[in-house]
Amino acid sequence: MWERTYSKIFTGIKKEDIWTIWIDVNNWSKWHGDLEYCKLDGAFEVGNYFMLKPNGTKPVKIVLTEINEGTSFTDCTTFPGAKMYDTHTIEETPEGLKLSNALVVKGPLKWLWVKLVAQNIADTVPDEMEALVKLARGLND
């Protein structure tokens, strides 16, 4: 198993605003700088999937596997010989709102998919989290 996590505490944002942006999958390209589009047909619920199209590559099908309303969700991308799980978490702390992202890749070909996909995703998480927070702060201006 390969795993990378990133967390940061932010002030001046509301948990509800982050959750609202997260579940608005069709607008993820507003804060994911490397996406051409992201499309979810139907509700943000376990078992539904969305198509995510990174710039310069083919669309990828991603399934929502776990949702804890208002606090976290996990999605899964299936590759030949591996699965990648991406968990997004919101936690209220005395210091502020803690946002976390955990990427996990499992399977016999995990090494290949880490090299081709997962490491790049992990490297972009800090910038995307900052863009997410900037968008959330703009909701209250």
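Colleague: Two strands pair if DSSP finds at least two bridges between them. What order do the strands of the open sheet take?
Modeller: The order is β1-β7-β6-β5-β4-β3-β2, 7 strands with antiparallel pairing. Neighbouring strands are turned by 20° against each other on average, direction ignored. Strands (E, at least two residues) and helices (H or I, at least four) are DSSP runs, numbered from the N terminus.

Colleague: What am I looking at, a predicted model or something else?
Modeller: This is a predicted model: local features need pLDDT of at least 70, side-chain atom pairs need 80 or more, and totals for chains, interfaces and linings use all residues. Residues are numbered from 1 along each chain as its sequence is written, and side-chain values use heavy atoms, without hydrogens and water.

Colleague: How many bridges join β3 to β4?
Modeller: 4, between residues 49-54 and residues 60-68. L52 has V60 as its bridge partner. M51 stands opposite K61. The hairpin has 5 residues between the strands, and G56 takes a positive phi near 80° there.

Colleague: And which residue is the bridge partner of I62 in β5?
Modeller: T77. β4 and β5 pair over 6 bridges, antiparallel again. Their hairpin has 3 residues between the strands, with G70 at a positive phi near 85°.

Colleague: Back to K61. Which ring does K61 lie over?
Modeller: Y49, at 4.3 Å from the ring centre. The rule wants NZ of Lys or CZ of Arg within 6 Å of the centre and within 35 degrees of the ring normal.

Colleague: Helices now. Which strands does α2 lie across?
Modeller: Helix α2 (residues 110-138) lies across β1, β5, β6 and β7, at about 10° to β1. Helix α1 (15-23) lies across β4, β5, β6 and β7, at about 155° to β6. Contact means heavy atoms within 4.5 Å. Axes are lines fitted to C-alpha atoms, for helices over the stretch in contact, and angles run from 0 to 180 degrees between N-to-C directions.

Colleague: How many aromatic pairs?
Modeller: 9. Ring centres of Phe, Tyr and Trp (its six-membered ring) must lie within 6.5 Å; planes under 30 degrees apart are stacked, over 60 edge-to-face, the rest tilted. W19 and F44 are edge-to-face, 6.0 Å centre to centre and 85° between the planes. W19 is in α1, F44 in the loop between β2 and β3, 25 residues apart.

Colleague: Is F44 buried or exposed?
Modeller: Buried, at 15% relative accessibility. Buried means under 20% relative accessible area, exposed over 50%, partly exposed in between (1.4 Å probe, protein chains only). F44 also pairs edge-to-face with F73, at 5.2 Å and 80°. F73 is buried at 0%.
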